[in-house]
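Hello,

Here is the structure I promised to pass on. Please open it first, then read my notes below.

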Amino acid sequence: MIVLKKNILLLFLVLYLCKINGIESSSPPIVLWHGMGDSCCFSFSLGALKKLIEATLPNVYVYSIRIGNNVVEDVEHGYFGNINEQISEVCERLSKDEHLKNGYNAIGFSQGAQFLRAVIQRCPNPPILNFISLGGQHQGVFGFPNCELLGTTLCNRVTHVIKYAAYSNFVQRKLIQATYWHDPYQEQEYKSKSIFMADINNEIQINETYKDNLQKLNAMVLVKFANDTIVRPRETEWFGFYKSGQEMEIQNLEESDLYREDRLGLKTLHASGKIHFLSVPGNHLQFDESWFINDIIKTYLM
């Protein structure tokens, strides 16, 4: 009984010392970047996930990226603006955040995943420890979301109208989604005129800094949604894409020039066991709370 009381007193003493010394959490801080049509803080999306993370990892610092002065502007900036300027702004903010100075974990949701990957490659300080990509489009997209609901004929027309405008300089600098539009029928056009995706994937020339910075990750976690109807092709969530010149046959990561030539260092990263491929049943960004807690938070964020 005396020993038990001593242990309880010791526990309270440790907790008290932690409090007065400002020790908040044993888990690294976490940065979130939302996807298209979402914001940093909606209570039904990232706001709820932020609370879930904080409840699972008490006192952890979670920063959810917002572009603009409020959530409405944040949603708008997910569609309109210059993505390279947005990434530069985010890099500057993260570098000034004292909570992040020793490193942080990062979770990107849909297009927020490829934007956070650009942060890793372009702005290594403060360093990202583990990078979790939930439905990110790492080889771009070729298809209008839920296009099949429009019918085959109209869907094809919409896709072909987009492709004629996507690579104009004006559209690339004003429409966020155009910067990761990857047309397998116009590979050279994509590589030479995409101001974002072709750059961060080292399509034209190899930026050794991009490769070096990716190698510093402890883990890159790529989550694919097996029944995704929003992202086309869904294999882009694992760095796969259509073979050039058609939109039927898929080329997985290991079959691509990006991997075989190790243009981005993914082959090296994979060989070191740092790339983790996860598949979740369901549509785009549809997952349950228990999966997120057990397979993401407790596995990669603690």
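Start at D262, in the loop between α11 (257-260) and α12 (266-271). Bear in mind that this is a predicted model. Phi of D262 is near 50°, a positive value in a residue other than glycine. D262 is buried, because its relative accessible area is 14% and the cut-off for buried is under 20%.

N59 also deserves a look. This residue sits in the loop between α2 and β2. Is N59 buried or exposed? N59 is exposed, because its relative accessible area is 56% and exposed means over 50%.

Next, two cis peptide bonds. One runs from N125 to P126, with omega near 0°. P126 belongs to the loop between α5 and β4. Another runs from R232 to P233, with omega near -10°. P233 belongs to the loop between β5 and β6 (241-242).

Now the sheet. It is open and has six strands, in the order β2-β1-β3-β4-β5-β8, with parallel pairing. β2 (62-64) and β8 (275-280) are at the edges. Each has a single partner strand, so one side of each lacks a neighbour in the sheet. From one strand to the next, the twist averages 15°.

β1 pairs with β2 in the parallel sense, over three bridges. I30 is opposite V62 in β2. Two helices pack on the sheet. Helix α5 (residues 111-122) touches β1, β3 (104-109), β4 (128-134) and β5 (219-225). The direction of α5 makes about 145° with that of β3. Helix α13 touches β1, β3, β4, β5 and β8. Its direction makes about 160° with that of β4. Both faces of β1 are covered. I30 and L32 are buried on one side, V31 and W33 on the other.

Last, a helix pair. The axes of α2 (residues 46-56) and α13 (residues 289-301) come within 11 Å. They cross at roughly 55°, which means that α2 is oblique to α13. The crossing is right-handed. Which residues make the contact? From α2 they are L49, L52, I53 and T56. From α13 they are E289, F292, I293 and I297. Six of the contact residues are nonpolar, one is polar and one is charged.

Over to you.

Best wishes

Notes: Residues are numbered from 1 along each chain as its sequence is written. This is a predicted model: local features need pLDDT of at least 70, side-chain atom pairs count only at pLDDT 80 or more; totals for chains, interfaces and linings use all residues. Side-chain values use heavy atoms; hydrogens and water are left out. Axes are lines fitted to C-alpha atoms, for helices over the stretch in contact, and angles run from 0 to 180 degrees between N-to-C directions. Helices (H or I, at least four residues) and strands (E, at least two) are DSSP runs, numbered from the N terminus. Angles under 35 degrees count as roughly parallel, over 145 as roughly antiparallel, 65 to 115 as roughly perpendicular and the rest as oblique. A crossing is left-handed if the near helix is turned anticlockwise from the far one by less than a right angle, and right-handed if clockwise. Contact means heavy atoms within 4.5 Å. Ala, Val, Leu, Ile, Met, Phe, Trp, Tyr, Cys and Pro count as nonpolar, Asp, Glu, Lys and Arg as charged, and the others, Gly among them, as polar. Two strands pair if DSSP finds at least two bridges between them. Buried means under 20% relative accessible area, exposed over 50%, partly exposed in between (1.4 Å probe, protein chains only).
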